[in-house]
Every structure is written in structure tokens, then in C-alpha cells.
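Hi everyone, thanks for making time for this. I'd like to walk you through one structure, taking the contacts one group after another. Here it is on the screen.

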Amino acid sequence: TPALAETDIVINKHTQTMTVDSDEGQYQWPVSTARKGYSTPTGSWRPYSLETMHYSKKYDNSPMPYSIFFTGGFAIHGTPHVGNLGRPASHGCVRLHPENPRTLFGIVSRDRNETRITIR
């Protein structure tokens with residue numbers, strides 16, 4: 001029996017990058033994780049919820065397009081604040097350029113049970 005292919009999403013807080021390795025391709029994108037006074041958790045999870053458009057109840061109904069929730073209220077999602085990508089700037093979520101989360105959302109939607117999100 002062939003092994004299930006796993007989609008690996010690795011977020012490196014030190015370099016502020018995300019690497020995606022899936023059957024559909026390999027990608028590397030700049031991200032923003034938590035700025036000073038906030039934290040982005042470290043560890044490894046499976047996504048538990050996907051929403052094409054989520055609005056943050058905690059942060060003034062801020063839009064979070066293509067949200068992939070992985071633990072608690074933390075998610076990977078798109079942001080219009082592209083000038084901050086590549087450095088810590090969020091309240092804890094992992095932010096992506098608006099061109100990238102749709103691609104990632106599509107991959108995770110198809111392979112949700114075989115997707116692992118790791119943050120270091």
C-alpha cells in the first residue's frame with residue numbers, strides 16, 4: 001500500500017518564512033508572526049478549521065481571508081499589510097501576502113487530514 005503523501009507547512013519565526021511541501025508543489029513565502037508583546041505558539045498541529053473569510057471577534061472584526069486554524073484561535077491567513085511581511089507584526093497569527101493564502105488554502109482543503117503545520 002502506498003504511503004499517504006503529507007503536506008508539510010513549516011513556519012520559521014527567526015527567518016519569518018513559510019515553506020510548504022506538498023504533492024502540488026513546493027513554496028516559500030515571507031510571513032509575519034507575533035510582534036513584541038504577543039506570541040505565536042511553537043509546536044506541530046493538524047488544521048482543525050478552514051474558513052474562506054473569518055472576522056476576528058478579538059481584534060475589531062479584522063478580516064482574515066483564507067484562514068487555516070491550527071490551535072486555539074491561531075490561524076494562517078492573508079493580510080493587506082504586505083509592508084510588514086518578513087518581520088514580526090501580528091497579534092500571534094501567521095500572516096501571508098494576499099496572493100498566497102488562496103493557494104495554501106486550496107492545498108490544505110484537499111489534504112486536511114494529511115497536513116502538518118509546524119512552527120519553530
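Let's begin with arginine 46 and glutamate 6, whose side chains form a salt bridge at 3.5 Å, N to O. By salt bridge I mean a side-chain nitrogen of Lys or Arg within 4 Å of a carboxyl oxygen of Asp or Glu. Arginine 46 sits in the loop between S4 and S5, and glutamate 6 in the segment before strand S1 (7-12), so this pair ties together parts that are 40 residues apart in sequence. Strands here are DSSP runs of E with at least two residues, helices are runs of H or I with at least four, and both are numbered from the N terminus.

Before I go on, a word on the source: this is a predicted model, where local features need pLDDT of at least 70, side-chain atom pairs count only at pLDDT 80 or more, and totals for chains, interfaces and linings use all residues. Residues are numbered from 1 along each chain as its sequence is written, and side-chain values use heavy atoms, with hydrogens and water left out.

Back to our pair. Arginine 46 is partly exposed, at 32% relative accessible area, and glutamate 6 is partly exposed too, at 34%. For those words, buried is under 20% relative accessible area, exposed is over 50%, and partly exposed is in between, with a 1.4 Å probe and protein chains only.

Which other residue forms a salt bridge with glutamate 6? That is arginine 116, with the closest N and O atoms 3.8 Å apart. Arginine 116 belongs to strand S9 (residues 115-119) and glutamate 6 to the segment before S1, so here the parts tied together are 110 residues apart in sequence. Arginine 116 is partly exposed at 25%.

Now look at arginine 110 and glutamate 24, which meet in a salt bridge at 2.7 Å, N to O. Arginine 110 is in helix H1 (residues 101-110) and glutamate 24 in the loop between strand S2 (17-22) and strand S3 (25-32), so the pair ties together parts 86 residues apart in sequence. Arginine 110 counts as exposed at 54%, while glutamate 24 counts as partly exposed at 37%. Shared partners join Glu6, Arg46 and Arg116 into one network of salt bridges. The count of salt bridges comes to three.

On to the aromatics. Rings of Phe, Tyr and Trp (its six-membered ring) pair if their centres lie within 6.5 Å; planes under 30 degrees apart are stacked, over 60 edge-to-face, and the rest tilted. That rule gives four aromatic pairs. One of them joins tyrosine 48 and phenylalanine 69: the ring centres are 6.2 Å apart and the planes at 45 degrees, so the pair is tilted. Tyrosine 48 lies in the loop between strand S4 (43-45) and strand S5 (49-55), phenylalanine 69 in strand S6 (residues 63-71), 21 residues apart. Phenylalanine 69, at 6%, counts as buried.

Let me finish in strand S6, with serine 67. Serine 67 is buried, with a relative accessible area of 0%. Its side chain reaches the backbone oxygen of methionine 64 at 2.7 Å.

Note on methods
A polar contact is a pair of N or O atoms within 3.5 Å; within protein, one must be able to donate a hydrogen and the other to accept it, and residues adjacent in sequence count only if both atoms are side-chain atoms.
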